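Please look at the sequence and the model together, and follow the chain slowly as you read.

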Amino acid sequence: MPPKKAPAQEKKVLLGRPSNNLKIGIVGLPNVGKSSFFNALSNTDLGKAANFPYATINPEEARIPVPDTRFDWLCDLYKPVSRVPAFLTCIDIAGLTAGASTGAGLGNAFLSHVRAVDGIFQVVRAFDDAEVIHVEGDVNPIRDMEIIQTELRLKDIEWVEKQLDNLKRAGRSLGNNSLADKAKKEEIATVEKVLKTLNVDSKDVRKGEWTNKEARIEVVNGLSLLTAKPVTYLVNLSERDYSRKKNKWLPKIKAWIDTNNPGDALIPFSVALEERLSSLGDEEKAEAQKEGAQSALGKITQAGYASLDLIRYFTCGPDEVRAWTIRRGTKAPQAAGVIHSDFENKFVCGEIMTFDDLKEHGSEAAVKAAGKLRQQGKPYEMVDGDIAYWKAGA
């Protein structure tokens, strides 16, 4: 008797917009270092860094290159005329205060800006500085994280209750026979589950249990909820605490995340250090990092990119080495379509090799000779680090 097949592992449910052009917003209370972090990350002074609440009102946007040693290696191999890495789009959003969900401060504008992004860098202040005022009077990152979580949840609850009320009123005449009526009832049941997740279970929507049933996940994504967005917690330390890897708040912050939002990433960093490094020339910066002043910006950018379930594939040649951003789970024709819609519409196949195979064998010819260059058709799901050459019909 043949052995039973192992059950197929269910794919991770992807919350959020089905897009390859996703954005991450920098969120936090006023004066926690958001705009200074944005300026250091983007190497600009677009963000209005100032020592008073609401220094940033209109969001600023920048495209940040995502560090990738594979891309660097490919550029060394092909020595192309043009080099285009993967980018992460970051947006500096105004500071939130308690009561934002009811319109306090810049609450309504803030929450609409958060709704427009796909993921969140939540900057948490864990440094004392008498010269930098704290909107709540003193430094307490646990309280600050609870304020933001509460305000985002309250706004989601208000939004979901409104949507559910509209659906129920429209659904009073629903029958049991037609597929359309059944689909509408499933939609109502899904929205009720979302409300229960927020209200009764006291969970963010991204921590709810959602299945890959297409209709259900489409309903959740259609609500564009604030708490459905992935969060990376960035803890802003003094340069001294960051260098010695010690801070009284870090264990408490980690415990709070593990209890309230298990699985979310936590990255300690220091805006003061990043500002200092960004003012140095390349040689001075390299010397400072040798002495232990390690920048965390590359790690943060990579974490934000990963939190959005983004991966990249490469196209390579003497003219250009380029990283193309796609969402995890993207099939070959849609991946080709990121370059040009004709490549998707007239897709024939892709010739694909893995980065590891190219690195092992040293050249495309050697990869081909080893039988590692594969022709892939429409069902192929792209893997992070694939190197692709597309064939399209006339």
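In helix α5, the buried residues are Ile188, Thr190, Val191, Val194, Leu195, Thr197 and Leu198, where buried means under 20% relative accessible area, exposed over 50%, and partly exposed in between, with a 1.4 Å probe and protein chains only. An α-helix has 3.6 residues a turn, so residues three or four places apart point the same way. Helix α5 covers residues 179-199, 21 residues in total, and reaches 30 Å from its first C-alpha to its last, close to the 30 Å expected at 1.5 Å a residue; the expected span is 1.5 Å times one less than the number of residues. Helices (H or I, at least four residues) and strands (E, at least two) are DSSP runs, numbered from the N terminus.

This is a predicted model, in which local features need pLDDT of at least 70 and side-chain atom pairs count only at pLDDT 80 or more, while totals for chains, interfaces and linings use all residues. Residues are numbered from 1 along each chain as its sequence is written, and side-chain values use heavy atoms, with hydrogens and water left out.

The largest nonpolar core has 72 residues, and those with the most contacts inside it are Phe37, Leu74 and Phe121; such a core is a set of buried Ala, Val, Leu, Ile, Met, Phe, Trp, Tyr and Cys residues joined through side-chain atoms within 4.5 Å. The largest share of this core, five residues, comes from α4. Apart from it lies another core, of 19 residues, among them Val160, Leu195, Ile217 and Val219.

Turning to the sheet, six strands form an open arrangement in the order β2-β4-β1-β5-β6-β7, with mixed pairing; two strands pair if DSSP finds at least two bridges between them. Because β2 (60-65) and β7 (265-269) stand at the edges, each with a single partner strand, one side of each is left without a neighbour in the sheet. Strand β1 (residues 23-27) and strand β4 (residues 87-92) pair in the parallel sense over four bridges, and isoleucine 26 stands opposite aspartate 92 in β4.

Finally, how many disulfides are there? The count is zero, a disulfide being a pair of cysteine sulfur atoms within 2.5 Å. Cysteine 75 is in no disulfide, and the nearest cysteine sulfur, that of cysteine 316, is 8.0 Å away. Cysteine 75 is buried, with a relative accessible area of 1%, and cysteine 349 is buried too, with a value of 8%.
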